[in-house]
Amino acid sequence: MTAATSAPVDQYVVAGNPVGHSRSPEIHAAFARQTGQSLHYDRLLCPLDGFEASLRGFVAGGGRGCNITVPFKFEAFRLAARHTPRAALAGAVNTMRFDEGAWLGDNTDGAGLVADIERNARRPLRGLRVLLIGAGGASAGVLGSFIAGRPAQVRVVNRSADKAHALIASHQAFAAEHGVQLSAGGLDEVGDAHDVLINGTSASLSGAGVPLPDRDAPVLVRGGVAVDMMYGPSAAPFLDWARAQAGDAGEMRDGLGMLVEQAAEAFFLWRGVRPDSARVLANLRAGREADA
Ligand code: NDP
């Protein structure tokens, strides 16, 4: 009698540098158990000058898809042969599916962040004034989704102001279609207080604290919403600073909700089924197993 051979388990990774902090493996493992999908999800630390080689090695070993994190989202965009419309608008890719012959690049960051604000926190964006701090891959991924939520305006500020200007330039036509006013500047050009404040920089990841310079006037209105895309204790300095301006009626969120929601979108792209992301997020926030 010959031993039954089982099909190899589909492989996925989060590729980036650093990736050690990523909670994506436990989230995707929970989604897989919830939905009865057979897959394995791991971390892939890529050298800063070796992202493409790392991905090619992973695909040669049977990799089916990956998430992409800091700092490779623009490079991932260039490596994908095809793009979803939201990735094409962003010019950045956070999710790849390695279809034979032509890698597909998607961007689920914006859908994830907006779902966390509008659905999980029940704060509709319509008519609000949004400040997006940062113009890297993550900020590029979310700007289109913010515009689609039809706030009154989105201002993008970045340490390198030219990148903020380039980011809004690529979204101006889309913003005009949605009646949203876009503007850009440096970190010291924040303007009046905003209703929604997003920290899309990697300042919290690197322990650099609040990315904006000190100023007397508030950046966030009383009762406003603040999100740091970073999650866990590293987000605390930014969220504490924002809470001091927003007061008790404010809504302070780290990036865990965004992470779970963007992961659910990626899982759907890869597997064609939608996991129960709200349950996974509630479990993680309560310190339980992700799929308890
Ligand atoms: P990138 O490397 O592409 O961009 C980094 C951005 O941060 C740039 O705008 C950069 O400015 C800015 N920046 C870095 N350090 C500082 C600092 N000390 N002060 C002010 N600005 C700074 O990274 P990503 O855009 O891919 O990721 C940004 C963050 O978002 C990371 O912490 C990442 O972990 C998090 N993230 C979380 C997600 C989630 O699901 N919760 C999803 C995606 C990202 P400059 O252009 O001037 O260099």
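A nitrogen atom of the ligand sits 2.8 Å from a polar backbone atom of M229; a polar contact here is a pair of N or O atoms within 3.5 Å, and within protein one must be able to donate a hydrogen and the other to accept it, with residues adjacent in sequence counted only if both atoms are side-chain atoms. This is a predicted model, in which local features need pLDDT of at least 70 and side-chain atom pairs count only at pLDDT 80 or more, while totals for chains, interfaces and linings use all residues. Residues are numbered from 1 along each chain as its sequence is written, and side-chain values use heavy atoms, with hydrogens and water left out.

Staying with the ligand, an oxygen atom of it is 2.9 Å from a polar backbone atom of G137. A backbone N or O atom of G136 is 3.3 Å from an oxygen atom of the ligand. Taken alone, the ligand exposes 940 Å², and the protein buries 88% of that; areas come from the Shrake-Rupley method with a 1.4 Å probe, and for residues only the protein chains shown count as cover. How many residues surround the ligand? There are 28, and the closest are A138, N158, S160, K163 and M229, where near means that a heavy atom of the residue lies within 4 Å.

Next, the sheet with parallel pairing. It is open and has six strands, in the order β9-β8-β7-β10-β11-β12. Strands pair if DSSP finds at least two bridges between them; helices (H or I, at least four residues) and strands (E, at least two) are DSSP runs numbered from the N terminus. β9 (181-186) and β12 (251-253) are the edge strands, each pairing on one side only. From one strand to the next, the twist averages 20°. Within this sheet, β10 (residues 194-199) and β11 (residues 220-228) pair in the parallel sense over five bridges, and I198 stands opposite V227 in β11.

Two helices to point out here. Helix α6 (residues 137-148) packs on the sheet, touching β7 (129-133), β8 (153-158), β9 and β10, and its direction makes about 170° with that of β7. Contact means heavy atoms within 4.5 Å; axes are lines fitted to C-alpha atoms, for helices over the stretch in contact, and angles run from 0 to 180 degrees between N-to-C directions. Ten of the twelve residues of α6 are buried, among them G137, A138 and F146. Buried means under 20% relative accessible area, exposed over 50%, and partly exposed in between, with a 1.4 Å probe and protein chains only. Just after α6, R150 takes a positive phi of about 55°. Helix α9 (residues 236-246) lies across β7, β10, β11 and β12, at about 165° to β11.

The other sheet is also open, with six strands in the order β2-β1-β3-β5-β6-β4 and mixed pairing. Its edge strands are β2 (39-45) and β4 (82-83). β3 (residues 63-68) and β5 (residues 95-97) run antiparallel, joined by three bridges, and G65 has R97 as its bridge partner in β5. Helix α1 (residues 24-35) lies across β1 (10-16), β2 and β3, at about 170° to β2.

Last, N107, in the loop between β6 (104-106) and α5 (109-120). Why does N107 count as buried? Because its relative accessibility is 2%. A polar atom of its side chain lies 2.9 Å from the backbone oxygen of A92, and one lies 3.0 Å from the backbone nitrogen of D109. Not counting residues up to four places away in sequence, N107 touches several residues, including T84, R86 and G141.
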